[in-house]
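Subject: Structure for you to look at

Hello,

Please find the structure below, with the sequence beside it. My notes on what was found follow after it.

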Amino acid sequence: MLENYLPIVVFIAVGMVIGVAPIVLGKLLGPNKPNTAKLSPYECGFEAFEDARAQFDVRFYLVAILFIIFDLEIAFLFPWAVVFQQLGWPAIFAMGVFLLLLTVGFIYEWKKGALEWE
Amino acid sequence: MDFSLKAMLPEIFLATMTCVILVLDLYLSDRFRRVTYLLSQVTLVFAAVFAIALWDNHFVLMGGHFVSDKLAVVLKTSVFIVGFCIFTYVYDYLRERDIRISEYYILALFSMLGMSILISAGSLLTLYLGLELLSLPLYAMVAMIQRQNTASEAAMKYFVMGALASGMLLFGISLIYGSTGQIHLDALPVAINMAEQPDMLLLLGVVFVVIGIGFKFGAVPFHMWIPDVYQGSLSPIVLFVATAPKIAAFGMLSRFLWDMFGAAPETWQSFILIMAVLSLLLGNIAAIAQTNIKRLLGYSTIGHVGFIFLAIYAGNFAAGAFYVLAYALMTLAAFGILVVLSQRGIEIEDITDLAGLDKQHRWLAVMMLLVIFSLAGVPPSIGFYAKFVVLSALVDAHVAYLAVFGLVMSAIAAFYYLRVVKVMYFDEPTQTREITIPHGTNVLLSINTLATWVLGILPGGLMAICLLLY
Amino acid sequence: MEIDWLKFFFYCYAALALFGATMVIFSRNSVRAVLFLVLTFVASAGLWMLLQAEFLALILILVYVGAVMVLFLFVVMMLNMNLSPLKEGFVRYLPLGILIAATIVAQLVWVYKNTDMAALHLGELAQKPADYSNITELGLALYTDYLYPFEIAGVILLVAIIAAIALTFRGPQNRRSQNIAVQVATRKDDRLRVIKDVGPDSDLKA
């Protein structure tokens, strides 16, 4: 089974070489003469006013966590989709209950207004 | 797939009703918020009835992942009854402070569903999932209502400690599974006995699982979260965190240690003993220095956990079950009184906030006195009888020196409990205030408090039930 | 020869995972720490793949690398945290941390030395044929024997939704949202008030 993944390993290896090689080559071949002026941060002629990182709204976090939950739900759907014909009604019923639970969660989100943006 | 609606009715009913309440609550206007409360109460009553109905049956269902036996029935029923009392005590507190009532009730119901699943766990997998379902709503409850920075700190500590405990538990479970190839609790003893010599890998797995359980109980040295969570959170949340999960944690402990290693107690006894002794020492001695009543009760919890673990060490699980039920009953009343007292903008935080309670509300002071005496183990209260059962179990197990140690620690405990009584009865009140208790709450709280003494005077019935469990 | 290649890839991925995990702890920049965690997860996915758990390996990448790490990045950015004050306690607690880590490592080594690994139910991992479907096996186990844990997982996900909303969602109180239905349903009387006969003593004439 694992030999099927050989092309992927080759792909990863080639990808890594292509990603890493230019950086290493640049480091090795390029001239490197740093001085204070070159290394100081530059912002239109002024000293940098603030950090590049700005604070996020907490709502992004909420959206991200809700995304993860539904992402996990999909992870459960894959194996189910493969075998439900084999297993018949009990499996369909089981997934029905699972999806119902998450639908309740979805109704909750919707009615609470957690999905609204301004 | 073996499935029986009857056997799983408490869980299925609780899950279904919680979802119904969740959706219904969204469509209720604030004026009808009481409907959420009443429905939650009805749900718990029915769940308890369905649980009791299973008393005479023994089920192993869902491919062995679900077990319903007498232990499950008793612990589940206790959890639901405790939940019912909690919901009654906290209603007015939450409503007065304009706290989101429905979230509290819904998260608590989900947590109780987790407890129920944990108590009925037939495999290590459901044990873990039940524990997660129990803990997740608790983390949210502690963090949800932020009154001050201590609440955030408490929530953070609780969450990080809980996550660490879950990780340890999962690691232990995977070691046990790797060593035996079995995940069902009833198949494990067979697999363990088949090995000719004690398996180190298995032993390491047990160590990690016991650590995970110790975290949930708050036994020393895994107690760090207890004082901060008790002090930092609002009283209604402490009331919930301190009572029902302990019953479920006992269910987990006895499922794991009794079902799996009942035949080989030498694998776990030493860890349990260390945790018991340290908990008794630290819980009772650190409690002396506390000025915050919730923190004091937190340390006293650690001390009580020490007694529960002593009972387990002696191999007397029935005594442990009796102790944990007694503890839940007493803590329920103690924090219940604190919740009821915190009204009209006053939060009961320090012991001095109780000063002169006798002059403000005589009956509440009497109830608090009864509960505190019971916690201290004054005969003939339930606290006394529970300690007595544990100590005599130790004597029967030929470890009388531990019984003496337990006795000394109880004497130390009596000192700091009596300090609270002194403040209540002999100190002058700092402010005059009127305390009003709703009629229903008063009746239930009184029954709760009197039960801590009636069951101490007549412990036979409860003890007989506990003896039937093992 | 086949086994040697397996070992080779195992050590590659294991080394990568260890390197990533170490860098998570030692990175000064928290965003970089998160990215190293991504590396650790990818390397773990490689390890799982070597165990022939292909579906789980891909799900690990999909869920953890794809979703959980995005969440971590959000959290790191949301907190806008400068790590240098946090590192101050680092040196102070370092001896204790090393002690605990050393204890655990010693424990694990001791257990490993004293365990007869051959007697465990591990055995040699059988090489599965090329048409072996990991996902089918998983589905057949999950929706029959492990149905109950699966449904509990569903409840846990539901609680996670509720908890996330209860913790982070503060309601629409400080939003100026547009309600189109209300706008459309507005009638003239709601907006316009005709004031007739303004007398001399009316306060409108001020």
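How many helices and how many strands are there in chain A? Chain A has 4 helices and 0 strands. From the N terminus on, the order of its elements is α-α-α-α.

Before the rest, a caution: this is a predicted model. The mean pLDDT of chain A is 84, and 89% of its residues score at least 70. Within chain A, the element with the highest mean pLDDT is helix 1 (residues 6-29), at 92, and the one with the lowest is helix 2 (residues 36-39), at 80. Where pLDDT is low, the predicted coordinates should not be read in detail.

Chain A and its contact with chain C

Chain A has 118 residues, of which 13% count as buried. Its contact with chain C involves 42 residues of chain A and 45 residues of chain C. Helix 3 (58-87) and helix 4 (89-112) of chain A each supply at least two residues of the side that touches chain C. The most comes from helix 3 of chain A, with 20 residues. Sorted by class, this side of chain A holds 31 nonpolar, 4 polar and 7 charged residues.

One residue to look up is A:M1, which sits in the segment before helix 1 of chain A. Is A:M1 buried, exposed or partly exposed? A residue is buried with 20 or more other C-beta atoms within 10 Å of its own, and exposed with 12 or fewer. A:M1 has 15 C-beta neighbours inside 10 Å, so it counts as partly exposed. Leaving out residues up to four places away in sequence, A:M1 touches C:Q52, C:Q127, C:K128, C:P129, C:A130 and C:Y132.

Chain B as a whole

Chain B has 20 helices and 2 strands. Its radius of gyration is 21 Å, close to the 23 Å that the globule rule gives for 470 residues, so chain B is as compact as a globular protein of that length. Along the principal axes, the C-alpha atoms of chain B fill a box of roughly 70 × 55 × 40 Å. Of the 470 residues of chain B, 57% count as buried. If you take the contacts in chain B between residues at least 6 apart in sequence, 80% of them join residues at least 24 apart.

Helix 5 (residues 124-144) of chain B has 21 residues. From its first C-alpha to its last, helix 5 of chain B reaches 30 Å, close to the 30 Å expected at 1.5 Å a residue. It is mostly covered, with 20 of its 21 residues buried.

Helix 8 (residues 200-217) of chain B has 18 residues, which should span 26 Å at 1.5 Å a residue; its end C-alpha atoms are 26 Å apart, so the two agree. Of these 18 residues, 15 are buried, so helix 8 of chain B is largely enclosed by the rest of the structure. After helix 8 of chain B comes B:G218, with a positive phi near 85°.

Just after helix 16 of chain B, B:G377 has a positive phi of about 90°.

In soluble globular proteins, nonpolar side chains tend to be buried together. Here the largest nonpolar core has 220 residues, and those with the most contacts inside it are B:L133, B:Y323, B:I337 and B:V390. Helix 14 (residues 317-341) of chain B contributes the largest share of this core, 21 residues. A second, separate core has 9 residues, including C:F41 and C:L60.

Which residues does B:L133 touch, not counting those up to four places away in sequence? They are B:F110, B:L113, B:G114, B:I117, C:I152, C:V155, C:I156 and C:V159.

Between chains C and B, 21 residues of chain C are in contact with 29 residues of chain B. Helix 7 of chain C gives the most to the side of chain C that touches chain B, with 13 residues. By class, that side of chain C has 15 nonpolar, 5 polar and 1 charged residues.

Regards

Technical notes:
Residues are numbered from 1 along each chain as its sequence is written. Chains are lettered from A and ligands numbered from 1 in the order in which they are written. pLDDT is the predictor's confidence in each residue, from 0 to 100. Two residues are in contact if their C-beta atoms, placed from the backbone, lie within 7 Å. Ala, Val, Leu, Ile, Met, Phe, Trp, Tyr, Cys and Pro count as nonpolar, Asp, Glu, Lys and Arg as charged, and the others, Gly among them, as polar. A nonpolar core is a set of buried Ala, Val, Leu, Ile, Met, Phe, Trp, Tyr and Cys residues joined through C-beta atoms within 7 Å. The expected span of a helix is 1.5 Å times one less than its number of residues. The radius of gyration is taken over C-alpha atoms; the globule rule is 2.2 Å times the number of residues to the power 0.38.
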